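Subject: Structure for you to look at

Hello,

Here is the structure I said I would pass on. My notes on it follow below.

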Amino acid sequence: MSKDIDAASSTPLHPAAREAFLAALDRGYADPRRLHATARDARLLLDNAREATADALAVRPDEVSFTATGTEAVHRGLLGLAYRGLRDGLPIAHTAVEHSAVLHAARWGGTPLPVAVDTAGHVDLAQLPSTAAVVAVQSANHEVGTLQPVAKAGAQTDAPLFMDACASMGRLPLPQGWAAAAGSAHKWGGPAGVGVLLVRKGARWRNPFPGDDRVDERTSGFENVPAILAAAASLQAVVAERDEVNARQHALIALVRARVAAEVPDVEVVGDPDDRLPHLVTFSCLYVDGEALVHELDRRSFGIASGSACTSSTLAPSHVLEAMGVLTHGNVRVSLQRDTTREQVEAFCDVLPEVVRELRARVGL
C-alpha cells in the first residue's frame with residue numbers, strides 16, 4: 001500500500017468535497033447570469049459557495065472571487081494591485097522565496113525586486129521597500145513551511161501587499177495586513193481547477209487582463225459551479241477540524257525533524273522549527289542525488305517530493321533553499337495527508353537512513 005507523504009502540491013478530495021460536488025452536478029450546470037429557473041439555481045449555489053468561503057476565511061463575501069486555478073488567482077491578485085504603480089515605473093517587490101507563480105508574474109508584469117530572507121526563510125523586514133508597485137509576501141513557504149510576518153510586512157511599507165496563501169489557506173487562519181490574497185482548492189482537499197482570489201474592500205485593485213461579462217468582474221470564463229461548491233464545502237470542513245489535525249501533524253513533523261537529524265549523518269533540516277506549517281518539513285542530504293532518493297523511497301512505497309517544489313519535474317536546485325543559503329543537494333520534502341498515521345511516519349523514519357546509506361555507497365562514500 002502506498003504511503004503518500006507528498007501533500008504540499010495536492011491532496012485527495014476531502015469527503016465533504018466529494019459529497020457536495022456530486023450533489024451539485026445536476027443543479028449547477030446552468031449559466032448563473034441567466035434569468036430562468038435552472039440558471040437562478042446555479043446562481044444560488046455560486047452565492048452559497050461565496051458565503052461559505054467568506055465565513056471560513058473570516059472575510060466579506062464581496063471580497064471573494066473564484067478563478068480557474070490558484071496560479072490564476074496569484075497572477076490576478078498580484079498584477080491587479082501593481083497596475084497603478086507599474087504605470088509609474090515602480091518595481092514589483094517580492095520575497096526571494098516566493099512560489100514560481102509569483103516570480104513569473106513579477107517578471108511578466110514589470111521589474112522584479114527580490115527581498116532577502118534569513119536562513120530559516122523569514123523575510124528581512126528591514127529590506128522591504130517603502131515604495132513599490134506591490135510587495136508580495138507569502139503567508140507560509142510552500143517548500144520549507146516557514147510562516148512569514150505578513151502583518152508586520154504590511155505595516156513596514158506604503159505599497160499594497162499581495163499574499164500568496166496557497167500553502168496555508170484552510171490549514172491556518174489568514175494573517176492581517178494584505179490587500180489581495182490567493183488560495184488553491186486542491187491544496188486543502190477541494191477539487192483541482194478552483195482558485196480563490198481575495199481582494200479587500202477598498203483596495204486599489206484593477207483587473208490586469210481583458211474583462212468579461214461574467215457574474216464576477218474580477219474573473220473571467222464560465223464558472224464551474226459544482227467544483228466551486230465542493231471547494232467551499234471542503235474548506236469549511238478543513239477549518240472545522242484543523243485544531244485537531246494541526247496538533248497531530250505538528251507533533252508528527254516534530255518527530256520527523258528529530259529522528260532525521262539524529263539518525264541520518266550529514267543532513268540539514270531546514271525551515272523554522274516552530275513557526276511553521278504543521279504538516280511539512282524539508283531536509284537536505286549531502287552526497288545524495290535527490291532524484292535517486294525519490295525513486296528509492298518510491299520503490300518502498302513512500303511518495304515524497306524532491307527538487308524545487310514548484311519545478312519538481314526538472315529537479316532543478318530549489319531557488320527557495322538557495323535564497324536561504326542552506327544545503328540544496330539531495331533535498332526531500334515531507335508533507336502529511338490529513339489521515340497520515342504515526343505508524344506511517346515511523347516507518348518512513350525507519351527506512352530513510354538505510355536508503356541514504358545505500359545511495360552514498362553507490363558513489364563510494
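A residue counts as exposed if its relative accessible area is over 50%, and as buried if that area is under 20%. The model is a predicted one.

Trp 108 has a relative accessibility of 61%, so it is exposed. Its ring pairs with that of Phe 209: the centres are 5.9 Å apart and the planes are at 55°, so this pair is tilted. Trp 108 belongs to helix 4 (residues 100-109), while Phe 209 lies in the loop between strand 8 (195-199) and helix 6 (225-263), 101 residues apart. Phe 209 is partly exposed, at 25%.

The count of aromatic pairs is two. The other pair is formed by Phe 302 and Phe 348, with centres 5.8 Å apart and planes at 65°, so it is edge-to-face. Phe 302 is in strand 11 and Phe 348 in helix 9, 46 residues apart. Phe 302 is buried at 4% relative accessibility, and Phe 348 is buried at 1%.

Strand 11 and helix 9 also come up with helix 7, whose buried residues pack against both, as well as against strand 10, strand 12 and strand 13. The buried residues of helix 7 (residues 290-299) are Gly 290, Leu 293, Glu 296 and Leu 297. They cover an arc of only 125° around the axis, so they are on the same side of helix 7. At the start of helix 7, a side-chain oxygen of Asp 289 comes within 3.1 Å of the backbone nitrogen of Glu 291. Ser 301, which follows helix 7, has a positive phi, near 75°.

Lastly, the charged end of Arg 200 sits over the ring of Trp 178, 4.0 Å from its centre.

Regards

How values were computed:
Residues are numbered from 1 along each chain as its sequence is written. This is a predicted model: local features need pLDDT of at least 70, side-chain atom pairs count only at pLDDT 80 or more; totals for chains, interfaces and linings use all residues. Side-chain values use heavy atoms; hydrogens and water are left out. Buried means under 20% relative accessible area, exposed over 50%, partly exposed in between (1.4 Å probe, protein chains only). Helices (H or I, at least four residues) and strands (E, at least two) are DSSP runs, numbered from the N terminus. The arc is that of the directions from the helix axis to the C-beta atoms. Contact means heavy atoms within 4.5 Å. A polar contact is a pair of N or O atoms within 3.5 Å; within protein, one must be able to donate a hydrogen and the other to accept it, and residues adjacent in sequence count only if both atoms are side-chain atoms. Rings of Phe, Tyr and Trp (its six-membered ring) pair if their centres lie within 6.5 Å; planes under 30 degrees apart count as stacked, over 60 as edge-to-face and the rest as tilted. A charge sits over a ring if NZ of Lys or CZ of Arg is within 6 Å of the ring centre and within 35 degrees of the ring normal.
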